[in-house]
Amino acid sequence: MVHGNSGVCKVEAVQTMEGMGDKKRTYYTLVPIYTSGSRLFVPTDSKKVVTRSVMTRKEAEKLLNEWDEIETLWVENDKKREEVYKEALRSCDSRQWVRLIKTSYQRNQDRLKIGKKATTSDERYLHMAEDNLFGELAIPFKMTKGEAEDYFVTQIRKE
């Protein structure tokens, strides 16, 4: 599964546990694949954080093929942009991650052209979106995260 900002997780168990008060709830026990020593207990009926299945290979290939058509998240106001970036990450939506990656990359290129460095905010959110996207793409393509990034970048440049 993909869980919020934790990225790809292995479902270790589904079990009933005591929640707040005396109420029993069913929880997923999730182990983030790319974070060692971490374990999450997430209510199966939680509405606070998005949890979804990892995309299939067909869905991953479709995302790759649609790269050029996916629009950026362009926002002029720096404070508003950071909020839009946070929302894109929280959405747990791979298309939103692509939009964030494209936006940050383009902003960085534009800043470099005028002799400025990339903003810390753009760099941070770019890294988080890439981490989420390539971590997920690695699963259906049966690759490491680094191999998935290399494959994705190579395929984008071919088009």
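## The core and the chain around it

Guide: Start with the largest nonpolar core, which has 28 residues. Trp 97, Leu 100, Leu 133, Leu 137 and Phe 152 have the most contacts inside this core. The largest share is that of α4, with seven residues.

A word on the source. This is a predicted model: local features need pLDDT of at least 70, side-chain atom pairs count only at pLDDT 80 or more, and totals for chains, interfaces and linings use all residues. Residues are numbered from 1 along each chain as its sequence is written, and side-chain values use heavy atoms, with hydrogens and water left out.

Now some terms. A nonpolar core is a set of buried Ala, Val, Leu, Ile, Met, Phe, Trp, Tyr and Cys residues joined through side-chain atoms within 4.5 Å. Buried means under 20% relative accessible area, exposed means over 50%, and partly exposed lies in between (1.4 Å probe, protein chains only). Helices (H or I, at least four residues) and strands (E, at least two) are DSSP runs, numbered from the N terminus. In soluble globular proteins, nonpolar side chains tend to be buried together.

Look at Phe 152 next. Phe 152 touches Leu 64, Trp 67, Leu 133, Phe 134 and Leu 137, leaving out residues up to four places away in sequence. Contact here means heavy atoms within 4.5 Å.

Move on to helix α4, residues 120-138. Its 19 residues should span 27 Å at 1.5 Å a residue, and its end C-alpha atoms are 27 Å apart, so the two agree. The expected span is 1.5 Å times one less than the number of residues. Buried residues of α4 include Asp 122, Tyr 125, Leu 126, Ala 129 and Asn 132. The run from Leu 133 through Phe 134, Gly 135, Glu 136 and Leu 137 to Ala 138 is buried too. An α-helix has 3.6 residues a turn, so residues three or four places apart point the same way.

Glu 123 also sits in α4. Glu 123 counts as partly exposed because its relative accessibility is 39%. Beyond residues up to four places away in sequence, Glu 123 touches Asn 108 and Ala 118. The side chains of Glu 123 and Asn 108 are joined by a polar contact of 3.0 Å. A polar contact is a pair of N or O atoms within 3.5 Å; within protein, one must be able to donate a hydrogen and the other to accept it, and residues adjacent in sequence count only if both atoms are side-chain atoms. Glu 123 and Tyr 105 are 18 residues apart in sequence, yet 8.7 Å apart in space, C-alpha to C-alpha.

Step back to the whole chain. The chain has five helices and five strands. From the N terminus on, the elements run β-β-β-β-β-α-α-α-α-α. Buried residues make up 35% of its 159 residues. The C-alpha trace spans about 60 × 35 × 30 Å along its principal axes.

The five strands form an open sheet in the order β4-β3-β2-β1-β5, with antiparallel pairing. Two strands pair if DSSP finds at least two bridges between them. At the edges are β4 (40-43) and β5 (51-52), each pairing on one side only. Nine bridges link β2 (residues 7-18) to β3 (residues 24-32). In β3, Arg 25 is the bridge partner of Met 17, and Tyr 27 is that of Gln 15. Four bridges join β3 to β4. Here Tyr 28 stands opposite Val 42 in β4.

Finish at His 3, in strand β1 (residues 2-3). His 3 is buried because its relative accessible area is 8%. Beyond its neighbours within four places in sequence, His 3 is in contact with Leu 30, Val 42, Thr 51, Cys 9 and Cys 92, among others. A disulfide is a pair of cysteine sulfur atoms within 2.5 Å. The sulfur of Cys 92 is 9.1 Å from that of Cys 9, so the gap is too far for a bond. Cys 9 is buried at 2% relative accessible area, and Cys 92 counts as buried at 1%.
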